[in-house]
Amino acid sequence: MDTLIKNGTIVVPEGRYQGDIAISGGKIAAIYEPGKAPASGDTEIIDANGLAVFPGVIDMHSHHRQGSKPGFEYKDTIYTSTQQCAAGGVTTSVAMPNVTPPPNTMQLLQDQFAIYETDAIVDWNFNPAPTIIEEVPAMAKADIAAFKFFMVVDTGRDYPHMPGIGVHDHGKILEIMMACAKEGVPLMVHPHDQALMDIIEQEYWARGERDALAYAKAYAAYDGVIWETAIATLLRLQKAAGCHLHILHTQTAGSVELIRQAKANGQKVTCEINPWALFLGCDWSSIQRLGSYALSYWVPEKNVPGLWEGLNDGTIDIVATDHAPHVREEKEIGWTDGWKAHTGTPSAQFYLSMFLTAALEGKIPLERVSEATSAAPARLFGLTTKGRIAEGYDADLVLVDLENEYEIRDEDVLSLSGWSPYAGRKLKGKPVRTVLRGRTVYLDGKVVGEKGYGRQAKAVHGARA
């Protein structure tokens with residue numbers, strides 16, 4: 001064996017146990033009872049005494065900013081984004097298509113892959129936009145995890161939801177769903193009812209309300225009607241098309257109920273929750289204090305119990321970051337015009353700790369954190385070598401000190417944006433070592449992984465599964 005991680009407490013969906021993990025050729029070769037592994041003088045020994053060992057985190061929803069042409073890499077690059085991943089225990093990161101140009105053809109997707117192959121520290125995949133139907137079959141064969149589109153047309157800005165990735169015509173959505181069903185590839189959708197938002201935002205503007213607080217209220221107006229009507233439409237179209245629909249940004253209790261019922265009816269529907277919905281946007285005082293820096297979206301507090309319930313009972317299948325870095329200037333404008341501020345918040349570096357802190361506070365079992373951040377994403381999106389601490393799987397592991405309490409500080413942020421909306425917050429449960437395919441890429445506060453070590457985490461779907 002190449003490496004032996006011994007004396008750790010292994011945390012998997014089925015429970016926790018003491019064990020020694022043997023690694024050979026980048027794979028988990030065996031798991032032994034403590035002290036029972038065969039001795040070998042050439043083996044690297046990693047003593048995990050006092051640490052919890054989780055499967056490497058799989059983040060299915062991240063915005064890495066760097067495309068095949070210059071555009072938004074001043075916010076973050078693939079290199080800096082995957083540095084944050086390594087520091088946060090994320091061993092596989094899956095990117096979204098709002099880069100320049102947005103990949104919606106096979107050639108553009110290949111161009112995007114080429115950057116990851118040279119720059120990524122951790123393993124990766126990319127979800128292209130299926131907005132050009134004739135390009136869907138070729139892209140589906142590129143071992144992608146999913147397709148992704150947005151039901152959004154931005155008002156007052158042309159980013160982050162630029163042309164080429166947005167679809168809100170129901171006929172086009174059905175056509176895309178049918179194409180994805182034929183190829184057996186999941187479809188991620190950012191739900192949004194643009195027709196309703198066109199009316200709602202005019203109410204605020206007519207009163208002269210345009211700041212970040214008005215923006216937050218508009219998107220949450222009428223108990224989240226823009227989210228729930230969009231989700232209801234998507235669920236009905238999914239029933240017609242039969243594709244695997246994955247709903248993004250679950251943020252209202254009503255959305256959870258709609259998805260729960262669809263699952264009970266046997267529909268092939270999954271969904272995710274993002275850290276901002278449970279730790280940032282759900283606190284109005286944070287919106288008042290931080291304005292656009294705290295948006296993503298406002299999640300009125302009454303939704304929070306239903307969101308935690310949905311995450312704990314599995315209605316909400318996975319946790320994913322929606323990691324979305326922006327520079328301060330793009331947030332600062334929100335104090336006067338929230339519609340011009342770029343939406344989204346960075347979180348890849350710290351979100352595992354957020355959920356571990358919640359677990360230690362009794363809000364969610366550690367085992368469920370392991371499942372929602374790793375095992376379930378791998379299972380749902382065909383990452384057949386990822387997500388489990390078991391023989392034959394990639395040796396993707398994160399060693400965590402559950403007793404280590406630390407404070408998030410802007411100066412520790414590895415993003416080019418240089419700030420975190422969570423700055424000043426104390427978390428408990430810090431990754432101290434991240435291992436990717438048997439190699440340490442983060443150790444004791446320092447990223448030690450190399451550019452280009454990350455490789456595509458190839459997905460297997462449909463007939464190939």
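Predicted model: local features only at pLDDT ≥ 70, side-chain atom pairs only at ≥ 80, totals over all residues.
You'll find Asp 444 in the loop between strand 16, residues 439-443, and strand 17, residues 446-447. Its phi is positive, about 50°, although Asp 444 isn't a glycine. Is Asp 444 buried or exposed? Asp 444 is exposed, because its relative accessible area is 61% and the cut-off for exposed is over 50%.

Now hop over to Asp 143. Here again we have a residue other than glycine with a positive phi, this time near 60°. Asp 143 sits in the loop between helix 3, 136-140, and strand 9, 147-150. This one is buried, since its relative accessible area is 17% and buried means under 20%.

While we're on loops, have a look at Pro 101. Thr 100 and Pro 101 are joined by a cis peptide bond, with omega at about -10°. Pro 101 belongs to the loop that runs between strand 7, 90-95, and helix 2, 106-119.

Last stop, a pair of helices. Helix 5 is residues 194-206 and helix 6 is residues 212-219; their axes come within 10 Å and cross at roughly 145°. The crossing is right-handed. Which residues make the contact? From helix 5 we get Met 197, Ile 200 and Tyr 204, and from helix 6 Ala 214, Lys 217, Ala 218 and Tyr 219. Sorted by class, that contact has six nonpolar residues, one charged and no polar ones.

That's my tour, thanks!

Terms used. Residues numbered from 1 in each chain as written. Heavy atoms only, no water. Axes fitted to C-alpha atoms, helices over the stretch in contact; angles between N-to-C directions. Helix = DSSP H or I, 4+ residues; strand = E, 2+ residues; numbered from the N terminus. Left-handed = near helix turned anticlockwise from the far one by under 90°. Contact = heavy atoms within 4.5 Å. Nonpolar A, V, L, I, M, F, W, Y, C, P; charged D, E, K, R; others polar. Buried < 20%, exposed > 50% of the residue type's maximum accessible area, 1.4 Å probe, protein only.
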